[in-house]
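Biologist: I have not looked at this one before. Can you walk me through it?

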Amino acid sequence: MRARVTIMPKRNVLDPQGKAVVRAIHQIGMEIVHDARVGKIVEIEIAGNDAESVRPKLEEICRDLLSNPVIEDYRLEFEK
Amino acid sequence: MNGGRAAPDAESRAPRETFPLMRFGVIRFPGSNCDQDCLHAAGAVMGQEAFYLWHKETDLRGADCVILPGGFSYGDYLRCGAIARFAPIMAPIRRFAAEGGLVLGICNGFQILLEAGLLPGAMLRNASLRFQCQMTRLRVERGSIGPFASAARTGELLRIPIAHGEGNYYADAATLAELNRNGQVLFRYCDERGRVASEANPNGASENIAGITNRAGNVLGMMPHPERACEAALGAEDGRLIFESILEWIRARRISSAA
C-alpha cells in the first residue's frame, strides 16, 4: 500500500518560492496566474492494505517529521 | 575573561584561570561545517577546553556548554534541522537544557533548536530567495544579564556576519508577543545607528529577529556567526562578547555551587 503526503506552506505564511514562481510565470507572458505556492509530496510504501490501522502512526510521522506545524499543513491520502 | 581581549593563545591563557577550564562540547552532525570554527573560538581563542561530540553519542561528556554549529545537517533534506532533531545526541541535549545547561545553536544549530521545539517559531527561506553572506549589525536587546549577553550592554551594537539561505525567522503574532513580553529576543538586525529598520533586515525575519532564547534564558539560537567574529584578523571581534558572557556565567555558577 502506498500513502501520499502533500505538505504545503500555511496560507498565512509567506512563501518566497511561490512568489518567485509567479514572477517567472509572468516573465514568460502568462499574466493569468496571480498566485502560486510551492510544497512537497512524499510517497510512503507501507506493508499491508489496512489504511485505517496505520493511519494514527502515519499522522504522527506527518506531524513530527514530514511537516512543521508552525509553518506547514499536510494532507494524508492512501492509494491501493 | 580577566584581561578582555588578549591574544588568542590557549597555552598562555590557561594557567591564569583560577577554575578548571570550561568544557565546550561542539556537536557534529553529518553536514555540519562550522564545527571547526566553533572549536577554534571556544578552544584556541577563549582558552577553554573544547571537544567534538558526534551526533550518535548519547552522553555530553561533562560539557558546561553545548554548541550546535552551522552547516547543512543531513543536507538540509526535508527542512533545515528537521532530521538532525532526531539524532541520538539530541536526547541528552534536551535533558541538559531542561536542567539549565547552556545550549548555543548557531545558524543551522538555531534551525535544529526550532525543529526540536527547544525554541519557539520556525525558519523560512530568506525573503530575497538568495543565500545572504554578509556582515550584519545586531542590537543587543537585553544586555548585562543572563548567560549569553552579560558582557554586552543593552542597546550595544555588535558586528557579526551571517551566511544562510533560510534565516527568515517566523512566529505567529501570539508567539512574538510572548517573546517580547518575556525578554526572549536577544538580538535584532539593525542599521549603523542602531535602528531596527526593514532595510537592515537581511532575510525578512519577523521583527528583525536575529537571536532568541528560551523562557529560562539558558538556550540561545542565533543566525549570525559569533565564532567567525572573535579575532581582529578575521575582521570582527564582537562575537567574543557572547563567549565571554558564557564564561562569566559558568564561573559564577561554579562559585555559587562551591559556596
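Predicted model: local features only at pLDDT ≥ 70, side-chain atom pairs only at ≥ 80, totals over all residues.

Biologist: What is the strand order in the open sheet of chain A?
Modeller: The order is S2-S1-S3, three strands with antiparallel pairing. Strands here are DSSP runs of E with at least two residues, helices are runs of H or I with at least four, and both are numbered from the N terminus. Two strands pair if DSSP finds at least two bridges between them.

Biologist: Which strands are at the edges?
Modeller: Strand S2 (40-45) and strand S3 (72-79) of chain A, each of which pairs on one side only. Neighbouring strands of the sheet are turned by 20 degrees against each other on average, direction ignored. Axes are lines fitted to C-alpha atoms, for helices over the stretch in contact, and angles run from 0 to 180 degrees between N-to-C directions.

Biologist: How many bridges join S1 to S3 in chain A?
Modeller: Eight, between S3(A) and strand S1 (residues 2-9) of chain A, and the two run antiparallel. Thr6(A), for one, stands opposite Arg75(A) in S3(A).

Biologist: Is Pro9(A) buried or exposed?
Modeller: Pro9(A) counts as buried because it has 21 C-beta neighbours inside 10 Å. The cut-offs are 20 or more other C-beta atoms within 10 Å for buried, 12 or fewer for exposed, and partly exposed in between, with C-beta atoms placed from the backbone. Pro9(A) is in strand S1 of chain A.

Biologist: What does Pro9(A) touch?
Modeller: Not counting residues up to four places away in sequence, Pro9(A) touches Asp15(A), Arg37(A), Gly39(A), Ile71(A) and Glu72(A). Contact means that the C-beta atoms, placed from the backbone, lie within 7 Å. Pro9(A) and Ile71(A) are 62 residues apart along the chain, yet their C-alpha atoms are separated by 5.8 Å.

Biologist: Where does helix H2 of chain A lie?
Modeller: H2 (residues 51-66) lies across S1, S2 and S3 of chain A, at about 150 degrees to S3(A). H2(A) has a kink of about 30 degrees centred on Lys57(A); the bend at a residue is the angle between axes fitted to the seven residues ending there and the seven starting there.

Biologist: Over to chain B. Why is strand S9 described as largely enclosed?
Modeller: Six of the six residues of S9 (residues 185-190) are buried, so the rest of the structure largely encloses this strand. Four bridges join S9(B) to strand S6 (residues 132-140) of chain B, and three join S9(B) to strand S10 (residues 209-213) of chain B. Both pairs run antiparallel.

Biologist: What about phi at Asp76(B)?
Modeller: Phi of Asp76(B) is near 60 degrees, a positive value in a residue other than glycine. Leu78(B), also not a glycine, has a positive phi of about 70 degrees. Most residues other than glycine have a negative phi.

How values were computed:
Residues numbered from 1 in each chain as written. Chains lettered and ligands numbered in written order. Contact = placed C-beta atoms within 7 Å.
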